[in-house]
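Here is a short note to read beside the structure. Please keep the viewer open and follow the points in order.

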Amino acid sequence: MFCSVSNRYGGGAGEDGGGGGGASELPAELLDLVLLRLPSHADRVRLRAVCRPWRADAQRQALPPPLPWLALRDGGLVDLDGAAVRSAPALREGVRSCLAVDNLAFLVHDDCGCSLVNPLSGSPATPLPHLADAVLQAVEDSNMRSYTGANIQLAVAKVILSSLLDFPDPLIAA
Amino acid sequence: MAAATDDAGDSNEMIRVVSSDGEHFEMPEAAANLSLVLRHMIEDDCADAAGIPLAVVAAKPLAKIVDYCTKHAAKSSGLTIEEAEELKRFDAEFIEVDTDMLYDLLVAADFMGVEGLSKLAVQRTADLIKGKTPEQNRETFGIVNDFTPEEEEEICKENEWAFQITKPPSRLC
């Protein structure tokens, strides 16, 4: 039913109900109401890429903050709405833990090495210096505890990037 | 329409409305009061036998809106849990419409100020958009891609990851 393509855009089809528009000509205030019900960063980004009117309307509202994704044991990623983001095989191989936000995943490998990857584009990992033992322990602890839920005294690990990973030689602090 | 008038609320008064394409509809006053615009017209004594003209609402969406208001007006107060659930089921079935009708309902409910229906249609639209690629959304809503290939490429680069739910087809998004 939803795939019945009856293009009313510029077609002026039979009904004169909504002023002859079509979804691309949805009045801005109505699209705003729809946007309020699309809290996912990904949905909002994709909505902006549908057509010019939607892009212009949607750009008037700031994007919601990207929320962390959940990495599943089978290597998949889901957003907090439970929608699959995309399978990310990089997360499966010899990776001990992973923190992912937006298009960036911070990986701790079995050999205690660390790297940053874009889990979606499959870009090659950017190796990082080995973490100091204490930091590594903190990351481990935070993961352990988040699973048991028994202890909320989490260690916070933060990675700061000076630029996108796509740029040559980004500055990274952990 | 006739069936919709059976379970009227406490008011016996019937309100007539006329669609943009000249069709006449009737609904109980309690149902018409769910529309802000109609309520104001009734209060201003503009509701006469000729019917209130709704210049931008065609017969098809208006018939649906009359159904919606009549159902909700009849069940508006002192709902039991079963009745509330029944109303919820009614809403869910009511809004299972094609995207042309959904668009008409969105615009008409907003124009007529039928708050409950407006929310229902907005939520339905958001649910249809959720989790879809731009191309899938264009198909769903019958929208023409009016970006130039250069613009499209630029848009895709902004948030590359968001467009990779499925393998991109020939064009980037």
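1. **Aromatic pairs.** Rings of Phe, Tyr and Trp (its six-membered ring) count as a pair if their centres lie within 6.5 Å. This is a predicted model. Searching the whole structure gives three aromatic pairs over all chains. In one of them, the ring centres of B:Phe90 and B:Phe94 are 5.6 Å apart and the planes meet at 35°, so the pair is tilted.

2. **A ring cluster.** B:Phe90 and B:Phe94 both sit in helix H4 of chain B, four residues apart, which separates them by about one helical turn. An α-helix has 3.6 residues a turn, so residues three or four places apart point the same way. B:Tyr68 joins B:Phe90 and B:Phe94 in a cluster linked by ring pairs. B:Phe94 is buried, with a relative accessible area of 6%.

3. **Helix H4 of chain B.** H4(B) spans residues 81–94, 14 residues in total. Its first and last C-alpha atoms are 20 Å apart, close to the 20 Å expected. Which residues of H4(B) are buried? They are B:Leu87, B:Asp91 and B:Phe94.

4. **Helix H7 of chain B.** H7(B) runs over residues 134–141. Its buried residues are B:Pro134, B:Asn137, B:Arg138, B:Thr140 and B:Phe141. They cover an arc of only 165° around the axis, which puts them on the same side of H7(B). Their cover includes H2 and H3 of chain A, together with H5, H6 and H8 of chain B. Just after H7(B) comes B:Gly142, with a positive phi of about 60°.

5. **The nonpolar core.** In soluble globular proteins, nonpolar side chains tend to be buried together. Here the largest nonpolar core has 52 residues. A:Trp54, B:Val17 and B:Leu117 have the most contacts inside it. H5(B) gives the most to this core, with nine residues. Leaving aside neighbours within four places in sequence, the contacts of B:Val17 include B:Phe25, B:Leu38, B:Ile52 and B:Val66.

6. **The annotated domain.** An unreviewed UniProt entry places an F-box domain at residues 24–56 of chain A. Over residues 24–56, chain A is 64% helix and 0% strand. The end C-alpha atoms of this stretch are 11 Å apart.

Conventions. Residues are numbered from 1 along each chain as its sequence is written. Chains are lettered from A and ligands numbered from 1 in the order in which they are written. This is a predicted model: local features need pLDDT of at least 70, side-chain atom pairs count only at pLDDT 80 or more; totals for chains, interfaces and linings use all residues. Side-chain values use heavy atoms; hydrogens and water are left out. Helices (H or I, at least four residues) and strands (E, at least two) are DSSP runs, numbered from the N terminus. The expected span of a helix is 1.5 Å times one less than its number of residues. Buried means under 20% relative accessible area, exposed over 50%, partly exposed in between (1.4 Å probe, protein chains only). A nonpolar core is a set of buried Ala, Val, Leu, Ile, Met, Phe, Trp, Tyr and Cys residues joined through side-chain atoms within 4.5 Å. Contact means heavy atoms within 4.5 Å. UniProt positions are given in the numbering used here, feature names are shortened, and annotations may be inferred rather than shown by experiment. Rings of Phe, Tyr and Trp (its six-membered ring) pair if their centres lie within 6.5 Å; planes under 30 degrees apart count as stacked, over 60 as edge-to-face and the rest as tilted. The arc is that of the directions from the helix axis to the C-beta atoms.
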